[in-house]
Every structure is written in C-alpha cells, then in structure tokens.
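This report describes the fold and the nonpolar cores of one protein model. The structure comes first, and the description follows.

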Amino acid sequence: MQAEASKITMRAIHQDDAALYREIRLRGLKLAPDSFGQHYADEVTKPLQYWRDVVHRLTTPGGHTAYFLLDGQAPVGVIHGFVRGPQQGSFGGLWIDPGYRRRGLARRLIETILQWARARDLKVMRLWSVDGNQGTLRLYQDFGFRPTGTHKPLITNPALTVSQYELTL
C-alpha cells in the first residue's frame with residue numbers, strides 16, 4: 001500500500017544521492033519517454049560516475065538545486081532548479097511516479113523550487129513543457145506561468161513540440 005500524500009517526505013538531493021537519483025531518473029525516462037530530452041536506452045548504460053557528476057552539478061552550493069519526494073527511502077518524485085543568469089532561473093525534470101499522482105505532490109515540488117528561486121532573488125522562472133499535456137499545463141498556469149511564444153521540437157521525438165513558459169516572481 002502506498003503512503004498518503006502527507007506521509008511523503010521531501011528533501012534536497014545531496015552529493016551522495018547518485019544511486020537514488022539514477023533510480024528515479026531512469027524510471028521517469030522509461031515510463032514517460034516523451035517528457036524528457038534523453039532516452040532511457042542511452043541513460044541506463046551510463047556508469048554510476050556519470051550520475052555522481054550529474055548530482056554534483058545539481059547540488060553545487062549557490063548554483064542549481066534538486067529535490068526528491070520520498071516514500072520511506074524510495075524516491076517517488078523529483079524536480080531540478082537552475083540559475084540561468086542574473087535574476088533568471090528555470091526548473092525542469094519534474095516527474096512524479098504514476099502511483100503517486102493526483103495528490104498535490106507536483107504542486108509541493110514546484111512550490112519548493114519557487115521558494116528556492118525567491119530566496120536567490122531570481123525575478124523570472126522559465127520552463128519547457130511538451131504541448132498537449134493539459135493536466136501539467138493547467139498546473140503551471142495555476143502558478144501563473146504564461147507562454148512565451150517560443151516553441152521547438154522535442155529533441156528525443158521531433159514529432160512533438162515543447163513550448164516555453166515564464167513566471168515573473
């Protein structure tokens with residue numbers, strides 16, 4: 001039985017979390033292949049050192065950040081936040097395990113990333129989202145994200161388009 005949403009914990013990803021990060025990232029790539037800019041088949045072959053390097057980049061103090069949602073010790077959600085320039089940031093990599101969706105967990109992750117952005121005095125946050133995912137787009141719009149008018153093909157499936165959204169903090 002899966003835990004109630006209130007029993008799910010959230011924490012920042014730490015330098016020693018490469019194996020946990022690999023686990024959730026690969027699960028996301030496998031279960032949602034058209035949601036990310038990488039292919040599961042490419043990423044699953046990469047050694048643990050690759051994942052250590054990714055986690056290091058995501059957790060460098062003063063730079064980027066990332067958070068897990070955990071059910072016990074098992075990762076069930078993830079998000080990344082990035083500083084992109086003076087007062088500009090973005091987030092991505094948002095993924096919730098299908099068995100944990102519709103519980104407000106994505107909202108918790110986004111709220112945390114936006115708090116992180118405000119604490120760094122970022123004024124603008126951007127994201128890319130696959131067109132046609134109405135539930136996700138409504139969630140972003142609920143936070144105030146609006147389309148920028150910029151579109152491009154999804155790198156892993158050029159038949160799909162991703163659009164950029166922006167929020168002024």
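From the N terminus, the elements follow the order β-α-α-α-β-β-β-α-β-α-β-β, where helices (H or I, at least four residues) and strands (E, at least two) are DSSP runs numbered from the N terminus. The radius of gyration is 15 Å, close to the 15 Å of the globule rule for 169 residues, so the protein is as compact as a globular protein of that length; the radius is taken over C-alpha atoms, and the rule is 2.2 Å times the number of residues to the power 0.38.

This is a predicted model, in which local features need pLDDT of at least 70 and side-chain atom pairs count only at pLDDT 80 or more, while totals for chains, interfaces and linings use all residues. Residues are numbered from 1 along each chain as its sequence is written, and side-chain values use heavy atoms, without hydrogens and water.

Of the 169 residues, 42% are buried (under 20% relative accessible area, 1.4 Å probe, protein chains only).

A nonpolar core is a set of buried Ala, Val, Leu, Ile, Met, Phe, Trp, Tyr and Cys residues joined through side-chain atoms within 4.5 Å.

| Core | Residues | Members include |
|---|---|---|
| Largest | 27 residues | Ile-79, Phe-91, Leu-94, Ile-110, Met-125, Phe-145 |
| Second, separate | 18 residues | Ile-13, Trp-51, Phe-68, Trp-95 |

Beyond four places in sequence, Phe-91 touches residues including Ile-79, Ile-110, Met-125, Tyr-140 and Phe-145, a contact being heavy atoms within 4.5 Å.

Methods: Buried means under 20% relative accessible area, exposed over 50%, partly exposed in between (1.4 Å probe, protein chains only).
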